[in-house]
Amino acid sequence: MGPRAAIFCHNGLGDGIVTLVLPNNLHLNGWKVQVYQNTIGSMQNWFPHLPVLPYPPLEELSHILHSYDYFFVVQNDTDPFVLKLIEEGKRRFPERLKVIYLYPSKHIVNERYYADCLTDPTLPVAENMRLLSEKVLHLPKLTKSCGLIPPEGLTHRKFPKRVVIHPTSGRETRNWPKEKFVKLALHLESQGYEPLFIPGERHLDDWKELPTRTFPTLDALARFLYESGYLIGNDSGPAHLASSLGVPTLTICRRKALANLWAPSFCRGVVVTPSSWIPNIRGLRLRDRYWKKFITVEMAKRAFARLASFG
């Protein structure tokens, strides 16, 4: 049996999906892995070979530190468990605990433990997880897959004209305006597509007058996405899930640097960002402040046409 490894991911849906590339590579090379993440465990049946547990309480830190040979920890300044785990792990066995930094800045190279992961912020997180496996861990078998295995009875993209639109996200600042999503949906409908909105649970009342769908579990959402033709959305978890299932995505993102690292990347996709010609100098940040205005419905229409032209 290979080394025992614990992987501590950020807790968002998208964060969990893209970070699974690392444990999937470890598993492929004979490691025994345990993933800690608070969201994706509810779709464990899609990756039975990569067991997921919720984050343990801080009181269990000592037990955790004695349970594994290696630790891979996505850095998180707001999580007391992560901060203590890094502090204690680096004090006791610095070579066995790797800190992974995932944020879109050239200054990432100045982080204290940057050499642990060598993240390239110009590449998608999934590709960075593969490169970590290759360049740092020197694993002989490599993949960029996160290891999802569809349950029996499903047909991939069974409904090719169904366009799932996820118009919300964990942060309001990431959300393209509702009226623009509605105009885009009406355009798609006129082109013979079947747009359907899947807003986040806390946003349901804002979208109740439109065709919407809710899901009791992540497993149910994954099954629905797997049989859909496309997904359109903000920079959010369902887009990463769709991409990992081989469903083409159109992502609307406020900043190109953010999209380089965090846009869905498991299969073909198109990302729409504000034009780089719009000034974004420090102190003004016009592109960041007014990105919702700068990304027009026409831009999204053209982007979807490009995406659909690939088949």
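Biologist: How do you know that the length of helix α6, residues 178–190, agrees with its 13 residues?

Modeller: Helices here are DSSP runs of H or I with at least four residues, and strands are runs of E with at least two, both numbered from the N terminus. The expected span of a helix is 1.5 Å times one less than its number of residues, so α6 should span 18 Å, and because its end C-alpha atoms are 19 Å apart, the two values agree. This is a predicted model, in which local features need pLDDT of at least 70 and side-chain atom pairs count only at pLDDT 80 or more, while totals for chains, interfaces and linings use all residues. Residues are numbered from 1 along each chain as its sequence is written, and side-chain values use heavy atoms, with hydrogens and water left out.

Biologist: Which residues of α6 are buried, and what puts them on the same side of α6?

Modeller: Buried means under 20% relative accessible area, exposed over 50%, and partly exposed in between, with a 1.4 Å probe and protein chains only. In α6, the residues K180, F181, L184, A185 and L188 are buried. They cover an arc of only 140° around the axis, taken from the directions from the helix axis to the C-beta atoms, which puts them on the same side of α6. On the other side of α6, K183, L186 and S190 are exposed. An α-helix has 3.6 residues a turn, so residues three or four places apart point the same way.

Biologist: What do the buried residues of α6 pack against?

Modeller: With contact meaning heavy atoms within 4.5 Å, they pack against β6, β7, β8, β9, α11 and α12.

Biologist: Why does I165 count as buried?

Modeller: I165, which is found in strand β6, has 0% relative accessibility and therefore counts as buried. Leaving aside its neighbours within four places in sequence, I165 is in contact with residues including F181, A185 and I232.

Biologist: What makes β7 and β10 stand at the edges of the sheet?

Modeller: Two strands pair if DSSP finds at least two bridges between them, and the open sheet of five strands has the order β7-β6-β8-β9-β10, with parallel pairing. Strands β7 (194–197) and β10 (269–272) each have a single partner strand, so one side of each is left without a neighbour in the sheet.

Biologist: How do you know that β8 and β9 pair?

Modeller: Four bridges join β8, residues 228–234, to β9, residues 249–252, and the two strands run parallel.
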